[in-house]
Amino acid sequence: MTSRGPGAATAAPLELDGLTVRYGAVTALDGVSLRLAAGTVTGLVGMNGSGKSTLFRSVMGLVRPDAGSVRLWGADPEAERRRGTVAYTPQAEEVDWSFPVCVRDVVRMGRYGRLGPARRPRREDERLVAEAIEKVGMSELADRRIGALSGGQRKRVFVARGLAQEADLLLLDEPLAGVDRTTEETLTALLRGLAAEGRTVLVSTHDLQNLEALCDDAVLLHRRVILHAAPAEVLRPENLARAFGGANGTGNGADTGDGARTREVPG
Ligand SMILES: Nc1ncnc2c1ncn2[C@@H]1O[C@H](COP(=O)(O)OP(=O)(O)OP(=O)(O)O)[C@@H](O)[C@H]1O
């Protein structure tokens with residue numbers, strides 16, 4: 001894991017304080033405060049449009065907060081982003097899948113922030129790339145164009161990119177959506193393993209059945225943090241109802257308005 005200066009060891013890997021983000025008239029996040037403990041997996045749970053992706057994008061500096069702050073290990077986030085200590089797996093819809101690259105190319109992008117002065121991947125980088133691809137069960141498809149992958153395979157490629165990056169904080173936007181049961185179990189074990197190594201994972205998910213197996217903590221989001229507690233507590237019907245507006249938490253609820261989404265290339 002990356003070594004940091006004094007003070008960073010005790011600081012939270014991620015701390016949001018009063019984070020507020022608006023897209024024109026739409027308030028996506030409204031005074032969100034959150035602190036993640038190191039070496040944990042935290043589930044981010046909320047209905048469509050509750051602000052989950054906006055939260056991730058704010059941490060990555062892809063949207064500018066209207067108010068509030070993001071701190072990574074107690075410091076200004078820009079330096080940590082540049083050092084590659086935080087990895088982001090975007091939702092599939094945010095990626096340009098016609099970009100002419102193969103699985104290995106995308107995963108190799110995870111190493112770019114860590115390349116030596118020659119800026120050329122070394123044998124060690126290639127080993128880490130191959131290892132990350134193997135961990136998500138994609139070795140046989142390593143040379144396939146990303147546009148020719150299934151939805152579940154696409155998710156796994158971006159999880160592998162985060163693994164190859166050896167980031168200390170991983171932000172995963174719905175990595176389990178649309179994957180089969182075996183892949184879900186593989187990815188769950190993988191994320192649990194990362195936390196056991198001391199890495200910190202924030203993962204948005206709609207899969208409430210898997211929440212307790214996956215997470216140490218969960219955050220119910222509905223523009224604001226409704227509850228940050230153990231998964232069992234978050235799963236209580238009365239708590240889910242506060243975020244989803246239905247007793248069982250499986251209702252879709254009304255979206256709060258559909259703004260145009262930005263798209264980005266895989267790198
Ligand atoms: N680029 C944008 N321009 C305008 N509005 C946006 C933009 N991106 C998101 N929004 C709006 O902000 C709100 C929060 O969106 P966000 O994508 O963060 O929600 P989410 O919880 O990730 O949803 P989902 O579960 O559907 O992925 C929604 O009302 C959405 O329509």
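These are my notebook entries on what I looked up in this structure, a predicted model.

**Entry 1: the chain as a whole**

I began with the inventory of elements, and I find nine helices and nine strands in the chain. Of the 267 residues, 38% are buried. I then looked at contacts between residues at least 6 apart in sequence, and 70% of these join residues at least 24 apart.

**Entry 2: the domains**

I looked up how the chain is divided, and the assignment gives domain 1 as 11-85 + 168-249 and domain 2 as 95-166. Their C-alpha centres lie 23 Å apart, and the contact between them takes twelve residues from domain 1 and eleven residues from domain 2. On the side of domain 1 that touches domain 2, the elements that give two or more residues are β6 and α6, and α6 gives the most, with four residues.

**Entry 3: the sheet**

In what order do the strands of the open sheet stand? I read six strands in the order β5-β6-β7-β3-β8-β9, with mixed pairing. β5 (86-89) and β9 (224-229) stand at the edges and have a single partner strand each, so one side of each is left without a neighbour in the sheet. Averaged over the sheet and with direction ignored, neighbouring strands are turned by 15° against each other.

I next followed β8, residues 217-222, through its two pairings. With β3 it pairs in the parallel sense over four bridges, and here T42 stands opposite D217 of β8. With β9 the sense is antiparallel, over five bridges; A218 has A229 of β9 as its bridge partner, and L221 has V225 of β9. β8 and β9 form a hairpin with one residue between them, and R223 in the turn has a positive phi of about 65°.

Taking a residue as buried when 20 or more other C-beta atoms lie within 10 Å of its own, I find five of the six residues of β8 buried, so this strand is largely enclosed by the rest of the structure.

**Entry 4: helices against the sheet**

Helix α5 lies across β5 and β6 (169-173), and runs at about 175° to β5. Helix α6 (residues 181-196) packs on the sheet and touches β3 (41-45), β6 and β7 (200-204), with its direction at about 150° to that of β7.

Helix α9 (residues 237-244) has L240, A243 and F244 as buried residues. Seen down the axis of α9, they fall within an arc of 85°, so they line one face of the helix. An α-helix has 3.6 residues a turn, so residues three or four places apart point the same way. I looked for what these buried residues of α9 pack against, and I find β3, β8 and β9. After α9 comes G245, whose phi is positive, near 75°.

**Entry 5: helix α4**

I then listed the buried residues of α4, which are L128, V129, A132 and I133. They cover an arc of only 135° around the axis, which puts them on the same side of α4. The face turned away from that buried side carries the exposed residues R123, E124 and R127. Among what covers the buried residues of α4 I note α3 (103-109) and α5 (151-164). α4 is followed by G137, and the phi of G137 is positive, near 70°.

**Entry 6: A232**

Is A232 buried or exposed? I find A232 in helix α8 (residues 231-234). Since a residue counts as exposed with 12 or fewer other C-beta atoms within 10 Å, A232 is exposed, because it has 10 of them within that distance. I also looked up the separation of A232 from D217, which is 15 residues away along the chain, and their C-alpha atoms are separated by 9.0 Å.

Conventions:
Residues are numbered from 1 along each chain as its sequence is written. This is a predicted model: local features need pLDDT of at least 70, side-chain atom pairs count only at pLDDT 80 or more; totals for chains, interfaces and linings use all residues. The arc is that of the directions from the helix axis to the C-beta atoms. Two residues are in contact if their C-beta atoms, placed from the backbone, lie within 7 Å. Two strands pair if DSSP finds at least two bridges between them. Axes are lines fitted to C-alpha atoms, for helices over the stretch in contact, and angles run from 0 to 180 degrees between N-to-C directions. Domain bounds come from an automatic or database domain assignment.
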